[in-house]
Amino acid sequence: MQLASLRIRMPGTFDHTHWEKFLKQNNPDSFSYIYKKYVDDLYAYGVSLGFDSDMCKDSIQDVFYKLYSKRTELSHIENLRFYLFRSLRNRLFDLHRQQNKLEPIEWSLNQFPIEVTVLKQIEDEEDNAFLKQKVESLLQLLTSRQREAVYLRYMQNLEYDEIGKMLKMNSESVRKLVYRALEAIRKNTPDTSLSLLTLISLLYS
């Protein structure tokens with residue numbers, strides 16, 4: 001089956017002049033630019049971790065409030081995307097621990113739950129159904145941690161050491177985690193014309 005070509009969604013280029021203006025001048029337009037640039041990705045990430053919508057929205061507001069109030073202490077930050085994603089993850093998990101003191105977080109959260117929506121990029125219903133089934137089967141091959149690591153690496157362009165800091169793993173362990181996930185995807189997609197990166201984009205669409 002020949003499927004329509006899809007363009008993988010990757011993070012856009014960040015204009016670092018806005019970050020510099022925000023840090024040095026407390027420029028409101030620059031802060032607004034930063035917020036609009038990342039808010040949707042942060043929300044999608046929080047929901048993918050298994051948190052409800054309201055908690056994600058509240059946590060994002062907390063992250064940006066801290067960013068604004070602590071701006072004079074943040075000149076050392078080189079990768080703002082990494083800082084925001086790690087801050088959001090930490091905030092969400094902190095809130096969860098406060099609300100579920102007796103329940104281990106690793107057991108209570110369904111990180112990166114398996115849920116495939118209709119792929120709007122594919123108009124043909126037969127192709128759409130085929131892809132939906134394929135992506136669902138691929139997701140079941142990966143652990144929640146593998147799904148998160150691949151997402152952070154290929155959809156958010158974070159480095160292995162940055163992902164390791166978020167997942168509390170060393171960079172070599174993250175490399176192995178991602179490698180095994182990609183191998184599982186490769187071995188189970190011999191019958192499709194889609195590229196590996198396109199399949200990865202579909203896993204998180």
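Good morning, colleagues. Please bear in mind that the model before you is predicted. Its secondary structure amounts to 10 helices and 0 strands. Of the 205 residues, 44% are buried. Among contacts between residues at least 6 apart in sequence, 69% connect residues at least 24 apart. The accessible surface is about 11800 Å², and carbon and sulfur atoms contribute 46% of that area.

I turn now to the charged side chains.

Let me begin with Asp41, which pairs with Arg81 at 3.4 Å between the closest N and O atoms. This bridge links distant parts of the chain, with Asp41 in helix H2 and Arg81 in helix H4, 40 residues apart. Is Asp41 buried or exposed? Asp41 is buried, because its relative accessibility of 10% falls under the 20% limit. Arg81 is likewise buried, at 7%. Asp41 also has its C-alpha atom 8.9 Å from that of Phe85, a residue 44 positions away along the chain.

The next bridge joins Arg91 and Asp62, whose closest N and O atoms are 2.9 Å apart. Here helix H4, which holds Arg91, is linked to helix H3, which holds Asp62, across 29 residues of sequence. Arg91 is partly exposed at 28% relative accessibility, and Asp62 is partly exposed at 31%.

Finally, Asp94 and Arg97 form a salt bridge with an N to O distance of 3.3 Å. Both residues belong to helix H4 and are 3 residues apart, about one turn of the helix. Asp94 is partly exposed at 36%, as is Arg97 at 42%.

Thank you for your attention.

Methods. Residues numbered from 1 in each chain as written. Predicted model: local features only at pLDDT ≥ 70, side-chain atom pairs only at ≥ 80, totals over all residues. Heavy atoms only, no water. Buried < 20%, exposed > 50% of the residue type's maximum accessible area, 1.4 Å probe, protein only. Helix = DSSP H or I, 4+ residues; strand = E, 2+ residues; numbered from the N terminus. Contact = heavy atoms within 4.5 Å. Areas by Shrake-Rupley, 256 points an atom, 1.4 Å probe, with all protein chains shown as cover. Salt bridge = Lys/Arg side-chain N within 4 Å of Asp/Glu carboxyl O.
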